[in-house]
Structures are given as C-alpha cells and as structure tokens.
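I opened a new page for this chain. The notes go from the whole chain to a sheet and then to single residues.

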Amino acid sequence: MCGIVGYIGKKQATSILIEGLRRLEYRGYDSAGIAVLDGGRITTSKALGQVKFLAANPPLLGTLGIGHTRWATHGGVTLQNTHPHADSHGRITVVHNGIIENYAELRKSLIAEGTVFISETDTEVIPHLIRKNYRTTLEQALLDTLPLLRGTYGIAVITSETPGQIFVARNGSPIVIGVGKEENWVASDPSAFAQHTREVVYLEDGDVALVKAGSWEILQHGGTMAGRKSVTIAEEWTGDEKGEFDNYMLKEIHEQPESLRRCLAGRLLMDGAKLGGISLTPREIVNLQHVGFVSCGTSYHAGLVAAHAFEELARLRSVAEIASELRYRSPPIGTDDLYVGVSQSGETADTLQALRMVKGRGAHIAGVINVVGSTIARECGNGVYIHSGPEMAVASTKAFTSQVAALILMALHFGRVRGLSTVEGNQVVSALDGVPALVEDWLASDSYNETRRAAEIVSGAKQVFFIGRGVSAAVAMEGALKLKEISYIPSFGYPSGEMKHGPLALIDADTPIIAVVPHDQWRDKTVSNIIEAKARGARVITVSSAWDTEVDELSEVNITIPSLGHHLISPLLTVVPLQLLAYEVARLLGKDIDRPRNLAKSVTVE
C-alpha cells in the first residue's frame with residue numbers, strides 16, 4: 001500500500017508534492033520520495049520514515065513531478081527500495097501502488113538481457129520494461145508494457161524525453177485526476193489535492209491517462225479514447241488540519257458528533273429512513289433471503305452490529321463476513337441474496353474482490369462507503385455514503401460510528417418495506433436522532449476523566465480482555481482492535497459468554513477486563529461474566545449506564561454513559577470511551593498514535 005501524488009502546472013512542484021504526500025501519509029509511511037523534472041533532467045529526493053524527513057531535504061526545482069509514500073511489501077525499508085524508481089538511464093521515473101505478481105520472472109528476464117537493478121522492489125521492473133518497449137512514444141511504450149504486468153497497480157510515470165506530461169494507469173489500485181486551471185494533479189485519492197480543487201476524474205481499471213498542465217485525456221488498453229466525466233467532491237474533504245488537537249486520532253474522535261449529523265442528515269423519517277442510493281425495488285427487498293456484510297478490520301465490527309440490526313428490524317438472516325475469507329470460499333449464493341461491502345476507503349482489495357465474486361454468482365451488492373467515487377462505490381452502484389469526511393489517523397474512529405449509523409439506517413429502510421411496525425421504527429429513529437448530541441455531551445462530561453483513570457491501569461498490563469454481549473460484543477472487539485493497533489498491548493475482544501471456553505485460563509491479578517455493559521437485554525448475563533472474571537483476580541473496568549450501581553460496585557473504574565433509547569444504538573456511544581482509552585494508553589506509553597508501526601490505513605493489496 002502507498003500514496004501517490006503528482007503535479008503539473010506553473011508552480012514549483014516540490015512543496016505541492018510534499019503537502020500531498022503529508023495528506024496521504026496514512027496510506028504508508030515507511031519511506032517517501034519525490035521526482036521532479038526541470039530543464040530536461042529528472043532529479044529525485046528520498047527519505048526513510050515519515051514525510052517530515054523528506055520535507056527536510058533541499059527542495060527540487062521544477063513545475064512537474066511525482067511523489068510516493070511507501071508501505072513496504074517487496075524489499076526492506078531502505079533508500080534503495082524507496083520510490084520513485086527509474087530506468088537504467090534515469091530518464092523514465094515511476095511511482096507505483098499495488099503488487100506485480102510476476103515481477104520475479106520479469107526481473108529474471110531483464111537481468112538476462114543486461115539490465116542492472118538497484119532495488120529489491122517489484123516496482124523497478126516497470127521503468128525498465130517501459131524503456132525496453134520505448135520505440136515511438138512513451139504513451140505507446142506504456143500501453144505495450146501494461147499487458148506484461150500481472151497483478152494490481154496504480155502507476156504514475158514521468159520522462160525527460162516527453163516533458164510536459166504525466167502518464168498514469170490503473171488496474172485494481174486507485175488513481176484520480178484533480179482538475180485545475182492551467183494545472184492538474186494525480187493522486188491515489190482526492191485528499192492529496194482537495195485543498196486546491198474539488199473537480200476530480202476517477203480512472204477505471206484498464207485506463208491510461210495523459211495529464212498535461214491544461215488538459216487531460218484517458219485511453220483504454222487498446223489505445224482508444226475513454227469517456228470519463230469529472231465530478232465535484234464534497235466540501236468536507238477539503239479540510240484535514242489538526243486544529244487544536246495534538247494528533248488526528250483525537251481530532252477525529254471529537255469530530256464524531258458532526259460526522260454522525262452528516263450521516264443522518266435528510267435520511268430520518270418519522271418511522272424509517274430515506275436512502276436515495278438504494279436501488280433495490282420494494283419487491284426485491286421483500287424477496288431477499290439473506291444479507292452478508294463483507295468487510296475487514298474495523299468495518300467488520302460495524303458489520304457485526306449491522307447483522308443484529310437487520311435480523312431484528314428487517315427480519316432477514318444476516319451474517320458479517322471477513323472479506324479475505326469469503327473471497328476464497330464457495331458459499332451457496334442466490335439471486336435473492338444481498339452482500340453489502342463496508343469500507344471506509346472504498347478501495348479495500350479483499351472486500352472489492354469478494355463483492356465481485358458474489359456478484360458474479362448472481363447476488364445483489366451494495367456499498368457502505370466513505371470516499372465518494374471510490375472503486376467499491378462505483379462497482380456497486382448502489383448503497384449509502386457515510387459522509388465522515390477525511391479520516392487521517394490509521395486507527396479508524398469516526399468512520400466506524402458513521403458506518404454503524406448508516407447500516408442501521410439501511411436496516412430501518414429494509415425493515416419498513418418488510419413490515420417493521422411504526423412503533424418500533426419510531427423508537428429507533430428517535431434514538432438515532434438524539435445520538436450526535438449525546439456523544440457531544442459525553443465528550444464534554446466528567447466521564448471523560450474516568451477514561452484516563454482506566455488508561456493508567458491498562459498501560460501497565462501485559463494483556464487486556466474486552467467483553468460484551470449482543471451488539472456490545474462487536475464494540476468489545478473494536479475496543480480491543482483500537483488498543484492493540486496504537487499501544488501494541490496484546491488485546492482480545494470476546495463475546496462475554498465465550499470467556500469460560502478458554503480465555504479465563506489467562507486471567508490473573510494483573511489482567512484488566514474491560515466490559516461493555518449498557519442497559520439492554522444482555523446486561524444481566526454480562527454482569528455474571530464480570531463476577532466470574534473478578535473472582536479470578538481480574539481488574540475490572542466497565543462502560544455502563546449511569547444509573548447502574550451494581551456494575552459500579554463491581555468495577556475498579558466505571559465509565560458511565562447516558563441511556564440511548566434503543567439497544568441497537570448503544571455502539572454509537574459505548575465505543576467512544578474505548579477509542580479514548582486506546583488513545584490515552586498510547587499517549588502514556590509514548591507511541592506514535594496516528595502512525596502505528598507496520599500498519600497502513602487503506603489496504604489496497606492482498
């Protein structure tokens with residue numbers, strides 16, 4: 001995974017490229033580099049680690065350039081492996097996102113012909129192949145090279161032999177053009193240039209684009225012109241500064257009231273939901289037999305909540321599927337099945353491929369996506385945008401709550417079509433409508449301080465267990481994921497009833513148990529599980545309803561939340577203390593909160 005950015009225009013490129021890379025740093029931050037063309041010569045600048053180290057290098061002169069942030073796949077984190085990569089003459093320079101699966105055989109063949117490689121990356125075969133195929137124009141050389149590459153790629157190429165142009169191509173890895181006035185951009189996603197332009201053009205798989213300062217055109221593999229139209233991205237994507245906050249994660253936690261308001265705006269009816277992006281007809285919704293939620297990581301936990309909501313509100317057999325597993329299984333799939341891809345970026349490789357698999361077998365597909373115009377959104381052509389705006393921290397926070405809210409809206413919409421009562425519909429709508437204000441009030445309350453007390457206990461732990469039942473089991477898993485992602489403390493999320501089936505063997509006096517126990521139908525059972533853990537010496541931390549004195553007495557730290565009006569809505573608030581807990585623990589331990597080691601936000605390769 002990585003971030004790609006390019007600029008062509010009248011301004012000096014270096015500062016624009018550095019700014020774009022900083023905005024894409026969530027996609028990869030092992031190393032970064034830029035290449036700038038000036039006076040018929042390409043010069044490069046590279047640095048290991050974060051973009052700030054690249055920014056400390058002397059600026060390169062020139063008004064055309066490409067840049068890259070790397071998350072290592074092939075080859076270690078070294079300057080030799082840092083992009084951009086060039087051909088042997090240094091006249092063709094490439095940045096690449098994706099994996100070239102047949103790079104080993106291509107590399108072997110090129111070496112046999114005398115090509116000298118300086119890196120271990122799969123990317124370096126690309127400029128050497130372009131050079132080998134360069135007979136008339138770079139455009140044709142690129143068109144001749146792409147069919148030789150097996151795998152996924154988003155590519156940007158510049159050459160000193162064709163100044164005034166950036167060439168880009170995509171196959172399974174996103175590339176978007178930003179359209180300006182006598183200047184244009186290319187990038188992995190619009191956040192790289194959204195502060196400059198909101199007019200964008202999304203490339204499809206198989207596209208090759210020729211981008212100049214005042215124009216752009218797109219060709220397909222055969223060299224024929226492809227019709228692509230520009231679109232305007234939403235205004236919330238134009239701002240991504242930290243403001244008063246020390247890091248993006250804390251900022252994005254505090255943005256959740258507003259991101260939830262955007263997700264819900266104009267979609268709540270008196271007893272249901274209005275979702276213009278759902279293209280299934282009422283008859284198709286009534287005939288559905290099964291719904292699968294296809295996703296990875298945090299989005300998978302949102303899918304677990306959605307399965308509860310769809311079973312309860314729409315009376316549909318529902319299951320959350322891990323995309324990397326589903327795509328290699330052979331489940332029975334019919335034309336009355338619906339699979340919903342849940343992805344913040346809309347580019348998650350396993351989710352995309354799983355959706356393509358089930359679509360090929362006749363199922364309906366839909367997306368719950370944050371990034372407008374992303375590949376999954378376009379592939380589905382059906383679904384709900386969550387409107388969270390840019391999420392820059394690797395650990396997802398506001399996207400999770402907006403995904404859950406959007407999925408509950410979908411469950412309401414389907415439920416009303418399938419006979420959900422007006423009374424129950426009203427209860428869910430009323431609870432959803434009040435959530436943004438409750439989250440806002442909680443973030444400003446004294447309960448926030450209890451999270452810091454809990455963090456002092458957790459920061460010294462060797463392992464931590466999170467438990468909950470029903471929708472709170474999903475919240476427990478999400479809490480465990482957040483903690484392990486940014487603090488590196490081994491953390492495990494379980495449905496509470498599973499503790500007796502193995503995990504209790506690991507509990508001792510140094511083990512924190514964090515229980516999510518709002519006032520719902522599972523509350524009493526979870527209390528019993530808390531008592532079992534406490535009897536074995538566990539240090540008990542809870543997230544519970546403010547009135548629950550029994551839970552408070554069982555807890556070393558009890559983080560209280562208000563009542564939410566409907567149990568399906570509770571994850572929208574119970575997850576917030578766990579997000580802040582992970583943040584506070586990582587802060588106490590001195591970790592890089594926004595850029596945890598070995599992780600990238602948008603997983604666009606297998």
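I took contact to mean heavy atoms within 4.5 Å. On that basis I looked at contacts in the chain between residues at least 6 apart in sequence, and 72% of them join residues at least 24 apart.

The model is predicted, so I kept to its limits: local features need pLDDT of at least 70, side-chain atom pairs count only at pLDDT 80 or more, and totals for chains, interfaces and linings use all residues. Residues are numbered from 1 along each chain as its sequence is written, and side-chain values use heavy atoms, with hydrogens and water left out.

Whole chain. I checked the radius of gyration, taken over C-alpha atoms, against the globule rule of 2.2 Å times the number of residues to the power 0.38. For 606 residues a compact globule would be near 25 Å, and the chain agrees because its value is 25 Å. The C-alpha trace spans about 75 × 55 × 45 Å along its principal axes. I counted a residue as buried under 20% relative accessible area, exposed over 50% and partly exposed in between (1.4 Å probe, protein chains only). By that count 61% of the 606 residues are buried.

Secondary structure. Helices (H or I, at least four residues) and strands (E, at least two) are DSSP runs, numbered from the N terminus. I found 19 helices and 24 strands in the chain.

Sheet. Two strands pair if DSSP finds at least two bridges between them. I traced an open sheet of six strands in the order β5-β6-β7-β8-β12-β13, paired antiparallel. Its edge strands, β5 (85–86) and β13 (216–220), each pair on one side only. Strand β12 (residues 207–211) runs antiparallel to β13 and is joined to it by five bridges. Across this pair, V208 stands opposite L219 of β13.

N558. I located this residue in strand β24 (residues 557–561). N558 is buried, at a relative accessible area of 8%. Leaving aside neighbours within four places in sequence, I listed its contacts as E450, T542, V543, S544, V551 and D552. I also looked up I514, which is 44 residues from N558 in sequence and 9.6 Å from it in space, C-alpha to C-alpha.

H290. Is this residue buried or exposed? H290 counts as buried because its relative accessibility is 7%. H290 belongs to strand β15 (residues 290–295). With neighbours within four places in sequence left aside, H290 is in contact with L316, R317, V319, D336, D337, L338 and Y339.
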